[in-house]
Amino acid sequence: MSKIKIAIVDDHQLFRDGLAGLLLKHEYFELLASLPDGESLLQFLEERESPDIILLDLTMPGLGGFEVLKRLKKHYKKIRSIVISMHEDGNYIVKCAKAGAYGYLLKNADEDELLTAIHKVYRGERYYNDDISARMFQNLSLQQSIPEKLTKREIEVLHHLAEGLTTKEMAEKMFISTRTIETHRANMLKKLDVKNTAELIKRATQLHLLS
Amino acid sequence: MPRPKIRLWMSIWMSLLSVVLVTVLSVFFYRAFQTALNERVLLQLTSVKRLKKVQIEAYLNRIWEDFTNEPVDGPNPNSFVIDADQLDTLGRNAGLAFQSPVAGIYDLTPYSDSGALSLLLIRPLDSLQYAVRRHPGAAIQRILLERTGMGESGESYLVGRDYHLRSLSRFFPEQAPYSFRAETEGVKQALAGKQGTGIFPDYRGVMVYSSYQPIQFKHLNWVILSEMDVEEVQAPLLELKRQLVAIVIFVLLLAILISYFMARAFSKPILRMRSHLHDMAAGNYDITISPGKGPKELGALFTALGDLKASIKGAIHFSQQIGQMELSADFEPLGDNDKLGHSLLKMREQLIRYHQLQEQNNLANQKSFLNGQEKERSRLAKELHDGLGPLLTSLKLSIQSTDLPAPRKTQLKQLLDEMIVEVRRMTYDLMPQALLDFGVGKAVVHLTEMVRKSSKLNVHYVNSMKDDDPAGLDTETHINLFRIIQELLNNTLKHAQAENVRLSLTQFDDKVALYYQDDGKGFKLDEVQYGYGLKNIKERVKVFNGYLSIHADEHGTEVEVEIPIKDE
């Protein structure tokens, strides 16, 4: 079995060394490179051989982690990267996943987790931190596409209007203030170029916005 | 001398004026009446006198004719013939000085025993003999006693050269005429040959109107007088005088009365105006000024005063409002000449400008303070994240690579993990990196996640931010909204004992709306324990020129925030 070729990209020497030390305890890892930033990684990839896995930090001077992920997705599709970050915010996971990362680990991840993640990603699976992976999907579900003209919330208000709910009832249902409901409604009137709620419903029906 | 009150002053002058007027008129009228009366009476007396004189002269003429035509030895017992010697004797006895020619009529009254008028007629028959006749004066007396048009006291009488009366006094008909002596003004004048009229005392010493004239007829030398008592003549004059005095008194009383009421009508509004002006001078403008019931001009005066009061009051009210910094108060100056009104308006404008400037300065200060604070937090977070974070994680890696007994290793790792989590928490509290990288809408997702994890609070969050389109919404606004939400969640966690929180962020073209609601026990807006958090929220909303509404009762707390998006 061939060794898993790994590159570490992090602007902190100490961290890189620590990580390298940990990995090198296991003989099936081969550390190809330990690099301080994105530029030197790209340069390395261009000049030297490609690693199987890149352990990538997000916040780095110069070319940051996200930028590196985009470049990899475009030019080095075979290289799988695992983001190792201090941020536990799910937004980062979502963004990384979108940018093409196969895994997301917190920097203080235990050795076992680190190894699991590397193995899984090497096999082609994805690995995200347990805590945060659940959130990721929740967040993703919030990122639904929004109709061209009306926002998702406006459509909601439209439906409630059609159901005959009062502004107050809508506000309670939608966790927004009556003022905001009024703003939504006013915005819809503007967008659909109608003068009142009755016309709004009629126009919305014509446009199949209520179906 | 104290100034008289207007009422007294007007009364006095008006009374004086009317009394003087009436008195002068009365006197003139009285005088004119008196003169006319005098003339009329004297004229009447003169005509009566003239008639009597003519009648007497006619009578004398007739008896003289009879006497001369009658035969000497006729039947008349009073006629007889005497010779020259007898005549002399007769003349001596009767005290008569016969003049030449002897023929004529002589007055015998002084020698008559009765004192009544008696005449002696003499004519010569030849050189030695004379026809003589005594003739009684009764007929003449009758003529004189005929008193038509002579009133109560009028009389006509004859006086001889010796000033003794020749005819009866109608006042004393029992007494002999000759016993009265009338040496009066008229008699004297007439004896001097003059005729005329006058007012003087008569033989009784009583003032009379008199017309006098001498009568000379064949040796008779009399004075005829027609007279009337002044008292009787002037009786109507007296009556008139009394009436005039009564009129004067009546007019005086009337004048006093009218002037009193008129003065009251004038002085009352004037006193009222004085009291109004007094009030206003003392600074009391809460008075009602009515036009009153007086004359039109005074009513207009009060209306003008009312207008003045209203405008001063308006200015005072306005300056009060300005004084209390109620700068939205409005004021309409009376016109271009209303210096006070214009100065007040100018003052208000200055104050508004000053106020706005101050407000702007305050806001700018607060904003720069907030920004500075956030910047500092951001810097600290970065220090922690970039400095301490990697060190700790490196340390952990080193420990994991080191040959240490397993329990010891685990212990150290645990310790380090705690440290790292702690640093991460501190970093997050200071400034979540995700907020800067993803915006408030997404950053709040994580925030609510952490709240859910660390407490029993159930947070429902709807993110309607346009996170893909961060343009127009600057970092400061993101941070601001995030801090407000942090503060709200803190309040709920600390004080509300709520189970659910509903939270939404909605981005519009021109604003971001934040809606927050918990089902806790609410609070009273003025309670101290919430003061700090709410104050922070208020300040942040204000600094960002936003809208804030907080509603709290026993069913929970509801907060609405709107932050405008700058159009740049």
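## Sheet of chain B and domains of chain A

In strand β3 of chain B, B:L119 is the bridge partner of B:D107. The model discussed here is predicted. β3(B) covers residues 118-124, and four bridges join β2(B) to β3(B), the two strands running antiparallel.

These strands belong to an open sheet of four strands in chain B, with the order β1-β4-β3-β2 and antiparallel pairing. β1(B) and β2(B) stand at the edges and each has a single partner strand, so one side of each is left without a neighbour in the sheet. From one strand to the next, the twist averages 30°. Helix α1 of chain B, residues 6-69, packs on the sheet and touches β2, β3 and β4 of chain B. The direction of α1(B) makes about 45° with that of β3(B).

| β1(B) | 79-83 |
| β2(B) | 104-107 |

Turning to chain A, the chain is divided into domain 1, residues 4-142, and domain 2, residues 152-206. The C-alpha centres of domain 1 of chain A and domain 2 of chain A lie 45 Å apart.

An unreviewed UniProt entry annotates residues 5-122 of chain A as "domain: Response regulatory". In the model, the span of residues 5-122 of chain A is 47% helix and 22% strand. The end C-alpha atoms of residues 5-122 of chain A lie 10 Å apart.

Notes: Residues numbered from 1 in each chain as written. Chains lettered and ligands numbered in written order. Predicted model: local features only at pLDDT ≥ 70, side-chain atom pairs only at ≥ 80, totals over all residues. Heavy atoms only, no water. Pairing = 2+ DSSP bridges. Axes fitted to C-alpha atoms, helices over the stretch in contact; angles between N-to-C directions. Contact = heavy atoms within 4.5 Å. Domains from an automatic or database assignment. UniProt positions renumbered as here; feature names shortened; annotations may be inferred.
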